[in-house]
Structures are given as C-alpha cells and as structure tokens.
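Dear colleague,

Please find below the structure that I am handing over to you.

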Amino acid sequence: MPLHRPARRQEPDPAPAKTISTTAGELPAKANCAPNPRQAVLKSPPAPPSTSPRRRRDTARSLSSTHAIFSVLVVLLVLAAQFLAPRLPHELLKLSKTTQHWRAASPETTPRDPLLFKNPPTCPRPDQQVEFKGTFYKEHDRSMALVEQAKRVSNEFDFDADHVRKAVKEFIREMDEGLHTTGTELSQIPTYVTAVPNGTEKGLYMAVDLGGTNFRVCSIQLHGNTTFSLTQSKVAIPRELMVAKTSTELFSFLAKQIEAFLKAHHEDHYFSHIKRRETGDKATEEEIFNLGFTFSFPVQQIGINKGLLMRWTKGFDIDDAVGKDVCALLQTEIDALHLPVRVAALVNDTVGTLMARSYTSPGKTGTLLGAIFGTGTNGAYVEKLDKVTKLTSSNDSGAYDKSTGEMIVNTEWGSFDNALRTLPNTPYDTELDAKSVNPGIQMFEKRISGMFLGEILRLAIVGLLKDPKLPFLRDEHSAQNDVHSTTQIHDDSPIYNQWGVDTSFLSICAGDHGPSYQIIKQTLDRDYGVSAVSAEDAEAIREIAGAIGKRAARLAAVAIAGIVINTGRLNSPTAGATTEQKEGIAPPRGTVESSGKGDIPEEDIIDIGVDGSLVEFYPGFEDHVRQALREVEEIGETGEKRIRIGIAKDGSGVGAALIALVAGRVATGN
C-alpha cells in the first residue's frame, strides 16, 4: 500500500503571488495517487493593477513550455534508465526493478531534489532468501558413520614403530638361521656370484630371459664409465612348446632365437666364426659371448651356471625337463648350432637388479642390496662368505670363487615370518591367504607386493558394503549425494570378483588430492562399474587404500633395515673387493645425495638398488620407507641419511650380462 509523507508546512510568500489559473486536472498528483475529480478550482489572489492581460498570457505560455520540456526530459530519462538498467550498478539497478510510475514533479520534488535520485514512496520488497541445500552452492553434509567406519578400517592396517622394531629383530634372526641351515622360512640361497661390478667394466655380453610366455635376447655393450648400450629382441613362446613332450623341443627353439639375433645384430661376428669353423680353426676365447641366463622358474642352484629344475609354473608343463640342469639343456642346443656362445651364469632377476644398480650407481661404494617391490617382492644382498656356512661346510656345493671373501645371497624374503610371529594380520589378510593358491606361505609377500594389495583393498570395500546401515556406495535418494544422483554398483562390477581390483588403483588414490576426488570417482566409474560416486565415498576408499599402501612401505623397510644392520654396513660401509676401483672413473659418477642432502661423505653411503611398480609409481612409497627406517633404533635419523635408494632397471637383461661377465672372469681365472 502506498505510503504518504506528511505535507510540509506552507510558509507565506513574502511577495504577492502572480495570478495563475490552474484546474484540478492540471494539478500534479502525489505519487501513486489518482487526481480528485471533486477538487474545487483554486483561485489565486487578485493580480496587482500594474499587470496587463498580455503580460499574463506571455507568462502562462512561458511556464507551459517549461513544464512541457521538463516532462519530456523526465520521460527520456526514464526510457534511458530502462534501456541501461542491465548495465547499471547493483544499487541503481534496484530502481528499475521496482514497479514505478514516473509522473511530473510533486510539491515534494524540486529541480534540486529530483525524483530520479529519490527512493519511491512504496513499501519495501523483502530480499529473497534461498538456501541451496544439497547443491554445489553448499558443502554436502558428511555422514559421520561412514567417516568413523573408514577410520576404523584404516586403523586396522597401522604398523607402528614398536611393531617395526620387533619385525626387524625377527628378520635378522631368520637371516642368520637361513645362512646356516636349509628348509628355513627365509631361504637365503647362495648364488655363487662373488663380486659386484664397479662401473669400470668393459666388453660385449649377452643375456637371455625366459620369464613367462616371452623369450628375450639381449646384447649389452659395457662402456666402462657406468654406461652401457642395449640391443634386444623378443618373441612369444608357441603354446605347443610350453607343453612339449621333450625339453629338446623348447630349448632348441630358444637356441634358434639366439642364432637369429646374432645374424641380425652381430652379423660380422657370427659369419667370421662360421668361416673359422669351416676351416677347422677353433674360436678364440675373445670371440665367444658369455651369456647370462635368467630362468624365472624354481631351480636348485648348485653352481654359478648349474641349476636343477624343481618344477614348472606359469603354464609350462614339460615333465622331461624336471630334475635336469637347465643351463646344460640350453648349452647343448647352442652347440648343435655351432654358435659362439657360452652359458656362463644362471641368473635370478633380483640378483640382476643388484648387479645393474652397482654398475650404474654414483659414488665409491658398491651396492649392498637389490630389491624388487612390484608384482612380487624379493631381495638379494652381499654377504660375507664365512657367514654362509651351509655352503662352505657342505660337500655337495659346486665350485665358487673364494678370493673376494663375499657372495651374493638370494633371500627369497617373500616367505619371511610365515608363522606370523611379528607380521600384522587383519581379517582381510586372513581371507586373502585362505583363498590363495598357496595358503600359509609367502605371508610377507602377500602384505607387500602388487599382486595382493589390490585384493586387500577390495576385501575391505566388500566388508563395508555388507553393513546395510552404512551409507557407503549407496543412497536412499539423490539429496544424500553431492552429485545429485544415487550411487550404483553394477552387477558385473569387478569389485565383486576375486582379484578384481588392480593395485594401480591404490596409486591413483594416493595421488588424488583434489577436493572432490574426481580422479578416484572417474576410475571407479570407468574401471569398476560404480557410477555417481559421492565425494565422501571416494574419501573413505582413499583413506583405506592409503593405509594399505603405507603398511606395505613400512614392511619393506623391515627387510631393508634387517640387511643393513646384520651386514654391519653402518659400522663399515665399504665392502672390500666389491668396491675397489670406484674412483677415477671417467666421466665421474657425480655428487652423492641422500634423502635430499649432500652432506654425507661418499665412502659412508650405503647404496640400495630397487625396481618394481610400487617403488617406482606409488606416491610417497620411499617417504614411508624412510620414516620407518628412522624409527629403528640401530639406524635412526643419522643412519637413514646414509642410505641411498636408487632405481635399478632391467636386472634380467643388463644384470644378467654383468653376472655373465663376473662368471666369465672366474672361469678364465681372472
């Protein structure tokens, strides 16, 4: 309803007013008020005698023109204001949004106080108050029940400093036990490799890798300055040869691939050897390639180039080969083709990782440990020969070089603490082990390697889904979800299948720091059949995945700490024969840095080579490892700074060639 302001007091005009005849229709009305038809005609006081009729008509005409001009200006201003309204500031914009009727000025309005700059005398319209609940304009209310349950599950994977220290002591105990006797949880297998390279080695060597359904042939040119050049080829193993009746069929195929590789990449060397053989001349020692044979199946190694096949895995099944020396089987077929190749070493890929790192690492000291944290996990390290008593006191061991006083030992640490004396155990670990193909063994590997971490996360997710009251990956209606929909898990989602979640998803979770976890949501939708995932669902999964990954890294630190402590490297970092000639290499190996600090003398560095998807791609894996190392009393912050962890690639290629180099020197007495 229009509001009327009280009329201002009319002050008497000191001068006589001019006579102006005005009708009711000409009287300006107040704002929002219609004119009164019954209003009486107002008569002005009589004009002075001196005013003539012509003067009065001129004055009236002048005022009428002024009034018309003023009215036109007001109308033009109103039209301009409405046209420019969308472009006006907010405060002026409100004037054009209210319902107004612009009229001629009332007695309250003067040219000095124009109506355009005054608030209209109308009731104020209340501002609209809108609450955007459950939309992007307001953070969605969190489910405290889900937050608490996610935290509860993640806490089950805690592996604190006290448990780390207890596990390290158990690892050291099992290390010593495995060096003395056979059949222990930590196998501690002697490899007959008695030295690691120092980066000065030169020469051309070969390596082959039978690790599954592919066979790889490599030649490696060592340049003597910690660098190398690699040439390789790969071929698939025909299915019929994987289940052949005799071992000759398979190993003859492998030898022919070596022949084809020599023809393609070392033509001159190959054909000069053929000509010499045709003339009856024997090949010189320099013309023969020493070859490292990476054979990724269970063998009982009885020499640096001797190993008896225990059983086949990975789809192979050739009964004729079981119990035979696999190096001899390959050498027989190589000799049948008259190739200038000698199988010099049987290689474990973890030992190869150690060798490759020691050749390419910076600094003066040799590499102590080679470790793999990928689909599986294992470690090989340099041990004092006199501690490997099950080898030195055995009459059945093969020949080995004693001059270095050291030997590389393959720990096979995946089976560490199968009895669960110190390893953590959750309901998810128990279920995973019970449903695995090898329950009760490889308990360390089942908590740390990429083959199993994704399954642990999947079991934890399924465990939460079993609680119907928990708002996890389910909604009653769209208002409960920050993406305005309801979460759906498709019936064929891999989450419901064993091994359905890949460990790479843990890396994705660890790397997604966005406020709404869009990368996690997209991965669940694209790869795991879970649509419209809410931010709190993604956060819960990220919380649990992070706890699983962190536990794996801290368990990895247990093995590293046990070997660093038990080998005495903290007290004497150099390792005799394995570290000689580290200086004077051109180009120099560079400045040594450890954990971002270059204040550790090179001779005090403890070098560790690692390989595998976890250590290479899982965000923060090394940081978690180092934190756990600092919590071990014998290492502490000072010792942790001395440990340099570096990536070592292609242990089965470059590492195998380096083992062939060492083995060739031993065979020739060098």
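**Strand 9 and its partners**

Strand 9 is joined to strand 10 (residues 377-384) by five bridges, and the two run antiparallel. Strands here are DSSP runs of E with at least two residues, helices are runs of H or I with at least four residues, and both are numbered from the N terminus. Two strands pair if DSSP finds at least two bridges between them.

Please note that this is a predicted model, in which local features need pLDDT of at least 70 and side-chain atom pairs count only at pLDDT 80 or more, while totals for chains, interfaces and linings use all residues. Residues are numbered from 1 along each chain as its sequence is written, and side-chain values use heavy atoms, with hydrogens and water left out.

Strand 9 and strand 10 form a hairpin with three residues between them, and F373 stands opposite T377 in strand 10. Strand 9 is also joined by five bridges to strand 14 (residues 606-611), this time in parallel; there, T367 has D607 in strand 14 as its bridge partner. Strand 9 (residues 367-373) is mostly covered, with seven of its seven residues buried. Buried means under 20% relative accessible area, exposed over 50%, and partly exposed in between, with a 1.4 Å probe and protein chains only.

An open sheet of mixed pairing is formed by five strands in the order 4-3-2-5-8. Strand 4 (228-236) and strand 8 (341-347) stand at its edges with a single partner strand each, so one side of each is left without a neighbour in the sheet. On average, neighbouring strands of this sheet are turned by 20° against each other, direction ignored. Axes are lines fitted to C-alpha atoms, for helices over the stretch in contact, and angles run from 0 to 180 degrees between N-to-C directions.

Strand 3 (residues 214-223) pairs with strand 4 in the antiparallel sense over nine bridges, and Q221 has S229 in strand 4 as its bridge partner. Helix 8 (residues 326-336) packs on the sheet, where it touches strand 2 (202-210), strand 5 (289-295) and strand 8, and its direction makes about 160° with that of strand 8.

Which residues does C327 touch, not counting residues up to four places away in sequence? They are F293, N305, K306, V343 and L346, where contact means heavy atoms within 4.5 Å. C327 lies in helix 8 and is buried, with a relative accessible area of 3%. The C-alpha atoms of C327 and N305 are separated by 6.3 Å, although these residues are 22 residues apart along the chain.

**Helices 12 and 15**

Helix 12 (residues 450-465) packs with helix 15 (residues 535-566) at an angle of about 145°, and their axes are 10 Å apart. On the helix 12 side, L453, I456, L457, A460, I461 and L464 take part; they meet I541, I544, A545, I548, R551 and A552 in helix 15. The residues of this contact divide into 11 nonpolar, no polar and one charged. Ala, Val, Leu, Ile, Met, Phe, Trp, Tyr, Cys and Pro count as nonpolar, Asp, Glu, Lys and Arg as charged, and the others, Gly among them, as polar.

**The chain as a whole**

The protein chain has 19 helices and 15 strands. Of its 670 residues, 45% count as buried.

With kind regards
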